[in-house]
Amino acid sequence: MSTSDRHLDVESSKQLERREPEAVRYFAEHLSRPCEVCEAFLAREDASPGEFPGLDALTDEALVEASGRPVREDAVGWARVRRNQGAPRRAWLTGGLGAMAAAVVLALLVRPGAGGPGDVEPSSQRIKGTAPLALEVTAVARLPDGTVRAVAEDAVVPPEAVVLLRYHASESADALLVREAPGVPPQVLGRHVLTPGTHDLRDGEDLAGVSLEDERGPVTLVLVAWPQGVQGDAALEAVRVSGQVPPDAAQARLRLKVAPGHAAP
Amino acid sequence: MADCIRRAAQGEQAACGQLYQRFHGAVRRVAQGSGTLEAAEVEDVVQETFVRAFRELPRLQHPRAFSGWLLTIARHHAYALSRNVKARARAAEDLAREADMSVPALPPSLTLERRVAVVRALIEGLPEGPEKDTARLFYLEGELSAREIAERLGLGKSAVTMRLERFRARVKRELLARLLAAEVG
Ligand SMILES: [Zn+2]
């Protein structure tokens, strides 16, 4: 084979991997022009792992940036990722608490029926603790086609929906968003800081969406909150260490039923 | 961005969320361009990619390697879904290696800006025809999926995927030439 028709193959890619100067020099020149043979080699499916390390990454980065299109927000996908990551997250459960201990804590924390059904209003629940913090939640469901519908208490929603919560708090509060479903321990979906007034529940800059993927049947979202302040961090620590909810915690609950094929009402 | 990646590596959800919102489009694009996946499968690739990336993030050595590393994971997951069992096993092997990937400083001819310019110039340089239309629609306009491009151009989906793969190999060839030229000095 004369040098002029040398193309990339398994042998030459090994030479390049070993940084053999002659091969490096030859292919730096040869590959600077289109070559169907070499491109076919680079496109083949059965490339060995680690061949030309980093080249795929360099290529994909450039290809996906070429359009320069702004990226739309994807609350649905992010909510799914969060669910798939599994809760509770160590972001708030620091200090070596394992998932098992966390589940026990939460079983204490979220007593079924706390607040009582008598307090429930059709689409907005007000459940007062013993202290003045007043808390309400309302919700909307965002569907994959982008439509957003209000969700009433006991609404039937499809598993493709992502539930976005809106709260009203009478004062600044630390809060946990917890998911309850029959037969499984309560699951913390996130820790939030509530500000006085009516706001979307956020996670940093993002809306805190709850994905219902893989859910079937009843599921309840519970926002548990207690006044923020000097004792705020101490209260969280107490939850961690002993499972004790601050006595002035308030809860707002939203019961849903997940069933395929139903659009949110 | 580097700070955001470090916070995400410590499990901070807000930082993970920011990374997701910044990169989900790029990950989806890689999945859409690297196989014959259905729309739902593409979304699964996006999911698996981010779940895996957030789990492995503490192992990533350099924040600046993040986007390339993330897209490598996406490509492997897309291959794993669309190819055979053997490809899947190799994808797993490859992934273990990628996390440790050292990132040499890039020569000036390979900054992201220069690489994007390479992509655009290569598309411009293609002769008018279905190959150029396909690359332009997918990579420059960046909105349609391979399936939608096939419908618009009246082609089979595999023909579109093949053209995208061929164009991608062209970009790889040009970037590899630059990598090697930087070594020659
Ligand atoms: Zn060649």
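## A salt bridge between the chains

R168(B) forms a salt bridge with D56(A), and their closest N and O atoms are 2.7 Å apart. A salt bridge here is a side-chain nitrogen of Lys or Arg within 4 Å of a carboxyl oxygen of Asp or Glu. The background idea is simple: side chains of opposite charge can pair when their charged atoms come close. R168(B) also makes a salt bridge with D60(A), with 2.9 Å between the closest N and O atoms. R168(B) sits in helix 9 of chain B and D60(A) in helix 4 (residues 55-65) of chain A, so this pair joins two chains. Helices, by the way, are DSSP runs of H or I with at least four residues, numbered from the N terminus (strands are runs of E with at least two).

Are R168(B) and D60(A) buried or exposed? R168(B) counts as buried at 5% relative accessibility, and D60(A) is buried too, with a relative accessible area of 3%. The cut-offs are under 20% relative accessible area for buried, over 50% for exposed, and partly exposed in between (1.4 Å probe, protein chains only).

## Reading the model

This is a predicted model, where local features need pLDDT of at least 70, side-chain atom pairs count only at pLDDT 80 or more, and totals for chains, interfaces and linings use all residues. Residues are numbered from 1 along each chain as its sequence is written, chains are lettered from A and ligands numbered from 1 in the order in which they are written, and side-chain values use heavy atoms, with hydrogens and water left out.

## More salt bridges

E65(A) is partly exposed at 25% relative accessibility, and R22(B) is partly exposed at 34%.

For a pair inside one chain, look at R7(B) and D3(B), whose side chains meet in a salt bridge (3.3 Å, N to O). Both lie in helix 1 (residues 2-9) of chain B, four residues apart, or about one turn of the helix. R7(B) counts as partly exposed at 24% relative accessibility, and so does D3(B) at 46%. There's a network as well: salt bridges that share partners join E39(A), R170(B), R173(B), E174(B) and R178(B).

## Where the two chains meet

How many salt bridges are there between chain B and chain A? The count is 12, while the count over all chains comes to 28. The interface also has 23 residue pairs in polar contact, both residues being at pLDDT 80 or more. A polar contact is a pair of N or O atoms within 3.5 Å; within protein, one must be able to donate a hydrogen and the other to accept it, and residues adjacent in sequence count only if both atoms are side-chain atoms. Among the elements giving two or more residues to chain B's side are helix 2 (13-33), helix 3 (39-56) and helix 9 (157-184) of chain B. The largest share of that side, 17 residues, comes from helix 9 of chain B.

The contact (heavy atoms within 4.5 Å) takes 64 residues from chain B and 56 residues from chain A. Together the chains bury about 5,300 Å², 60% of it on carbon and sulfur atoms. On chain B, Q13(B), K172(B) and R173(B) supply 13% of the area buried against chain A, more than any other three residues. Buried area is the accessible area (1.4 Å probe) that two parts lose on being put together, summed over both.

## The zinc site

Which protein atoms are the donors of the zinc ion? They are H7(A) (ND1), H30(A) (NE2), C35(A) (SG) and C38(A) (SG), lying 2.0 to 2.2 Å from the zinc ion. H7(A) lies in the segment before helix 1 (10-17) of chain A and H30(A) in helix 2 (residues 21-30) of chain A, so the pair ties together parts that are 23 residues apart in sequence. Donors are N, O and S atoms within 2.8 Å of the metal (3.2 Å for Na, K and Ca); water is not among the atoms, so sites may look incomplete. H7(A) counts as partly exposed at 22% relative accessibility, whereas H30(A) is buried at 10%.
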